[in-house]
Amino acid sequence: MNQSRTSTDLQTVLRQEVEKSAGWRLFIQTVIARAYPRIIGQQREKSWMFFDIFLPIMAVSAYVFVYRAIQAPEDYVGFVIMGGAMTAFWMNVLWSMSSQLYWEKETGNLALYIMAPNSMMAILLGMALGGIVATTLRAGVIVVLGSLLFRVSYAVVSFPQLLAVFILAMVALYGMGMMFASVYLLLSREAWHISNLAQEPVYLLSGFYFPIKNFNFWVALGASVIPLTLGLDAMRQLAFKTGASLGFLSVNMELGILLGLSILFLLAARFLLRYMEKLAIREGRLTESRR
Amino acid sequence: MNFAIVTDNLGRVYKIRGGKKTEPRELVALQDVQLQVKQGELFGLLGPNGAGKTTLIKILTTLLAPTMGQATVAGYDVVRQAEKVRPRINMVSGGESSGYGLLTVRENLWMFAQFYGIPSAVANWRIRELLKIVGMSDRINTKSSDLSTGLRQKMNIVRGFLTDPEVLFLDEPTLGLDVGASRDVRLFIREWVNQDPRRTLLLTTHYMVEADELCDRVAIINQGRVLACDTPESLKNRLQKEVLFRMQVSPLDSTQADTFESLPGVRKVTHRAFDGYAVLELILEQDDALGSVVNLMTTQNIHILNLQKREPTLEDVFVDLVGRSMEEVEKSGYSEGNQ
């Protein structure tokens, strides 16, 4: 080791008894630590400004021009901007939550997470929290830029309700991401293909660029399993003049369903994570993709 | 006596999935492993790539379930009491690329310290001190993606010691490190164990010198089985009644080298080819056998360039137990799959 260090220095650090927390303190420390790379690390990669803002704005613009060309109600432009912002969350859940444990397995981090005394739920929560914070910044920029660019006017009925819908939609969405992450624990390269396959259909089913009221009732109800569907629908009802006229269900009902989905997905994530971890340890698939 | 690690008939069989129509085949990675590692011991697992060392470490670190037998670490069963084992252990693998490239060295290490519940202030102090010890103070704020392989491995090693585990598993820790860095790491490992008798370290390596220089006891493992387990001295003493020679000779092929093994008094001959010459390692029952080897060489027009009588090494012990050198075993392609 470094020759300039005296043996006393070496012995001090080697002899130190290290105090370690457990229980809830460890859980919270883990959540914060795992959220850290998402919040801080991702901001260091400046390319996100192009990929996460410029490209979604381009996609949104196409729909705006179509709606304006066919003289659709002006609120549709706002719908599209809001949908475009929410795609950032879906992309984040799909690529940085669901398939994240697969990437962690490839880099060797997964083994270290499992081997550490922390709870894997804390790791997933940290990933989710970090993802929400980092993506909210991107989504916020899309909303602000899109609104300024296309002169969107908002008519917010209730800010607290809007905030409640957004928070519940995020909890349910990231809960679903945590549940998928558990399932992806056993996958190898097919994880990438599954994420690819799931990306576009959800854009359609969740009504990112149009109100889902246009669907048949049963299709819209089925699509409501994806938390963004009802989240977007309720937020549009609360933020624009057209209000409930273009909404699928009442805001309160959608809030109730989102609450139910949040609880369901979080519980399912917890159960599946334990089950899949045991299965992966038994089958030797925590560190290997091919067996 | 307190044992930090105990394995009892431990084994692991992998099921390798074939195509849709083919049945999965079984691969025995570990078989009937009986080990008792004492608390405070620096224990080495020595074997070629694919011998089962990593499988054993994965089982002991709760990452893989055994298919037979059982194991305890720090007094707890690795399967049924994994949650008791985990706060007491840590592991570092050679060549691992854990952490996040966008985070600095300090941030990566801090993150892993949090997963063990170490308060930030303590973690940051230990990170600074440990980085000083490994000579990386100037890299504390470097993004880990900008580190060289050697520096990255030093960072991984710091991660292992940062949480002050009771039992530390080092899987080929000096893989990819240059000679100087490997020596530094070995010195540090030895010092860490010496400082507290409650600390135990299990090290896997396929470097004979590393095992010989560092370990209190060594288990030699091949094809999933532990072939011998003792102190390096005792293992080498097994060969004291034999005579060992190293011969540098003019080029010859391995078939020619094999013919020497059929001579009376010759126990083992291993052959390594180099550019313009070959090296033969001879294990003879007695000095006299050398005469017949030299005679056969003369008839085959093989010239002796150098001849040296030497003390046995762990490499010789391995050759004696397995019948081939570790290099030959690795070249022969035996592998338990992707460990």
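**Group meeting: chains A and B**

Let's start where the chains meet: 44 residues of chain B contact 43 residues of chain A. Contact here is a C-beta criterion: two residues qualify if their C-beta atoms, placed from the backbone, lie within 7 Å. Before going on, the ground rules. This is a predicted model, so local features need pLDDT of at least 70 and side-chain atom pairs count only at pLDDT 80 or more, while totals for chains, interfaces and linings use all residues. Residues are numbered from 1 along each chain as its sequence is written, and chains are lettered from A and ligands numbered from 1 in the order in which they are written.

Now chain A on its own. Twelve helices, zero strands. The C-alpha trace spans about 80 × 45 × 35 Å along its principal axes. Of its 291 residues, 48% are buried. Buried means 20 or more other C-beta atoms within 10 Å of the residue's own; exposed means 12 or fewer; partly exposed is in between, with C-beta atoms placed from the backbone. Take the contacts in chain A with a separation of 6 or more: 82% of them join residues 24 or more positions apart.

One residue to look at in chain A is Arg151(A). Its phi is near 50°, a positive value in a residue other than glycine. Where is Arg151(A)? Find it in the loop between helix H7 (120-150) and helix H8 (159-184) of chain A. Arg151(A) is exposed, with 8 other C-beta atoms within 10 Å.

On to chain B. The domain assignment, automatic or from a database, gives domain 1 (3-236) and domain 2 (241-311). Their C-alpha centres lie 38 Å apart.

First, an open sheet of four strands, in the order S2-S1-S4-S5, paired antiparallel. Pairing requires at least two DSSP bridges between two strands. Strand S2 (25-38) and strand S5 (76-77) are the edges, each pairing on one side only. S1 (residues 3-16) and S4 (residues 68-73) pair over five bridges. Asp8(B) stands opposite Gln70(B) in S4(B). Asn9(B) also sits in S1. Phi of Asn9(B) is near 50°, positive in a residue other than glycine. Asn9(B) is partly exposed, with 13 other C-beta atoms within 10 Å.

Last stop, strand S13 (residues 277-284) of chain B. Buried or exposed? Six of its eight residues are buried. S13(B) pairs antiparallel with strand S11 (residues 243-249) over seven bridges. There, Arg246(B) has Glu281(B) as its bridge partner. S13(B) also pairs antiparallel with strand S12 (residues 266-274), over eight bridges. Here Val269(B) is partnered by Leu282(B). S12(B) and S13(B) form a hairpin with two residues between them. In the turn, Gly276(B) has a positive phi of about 90°.
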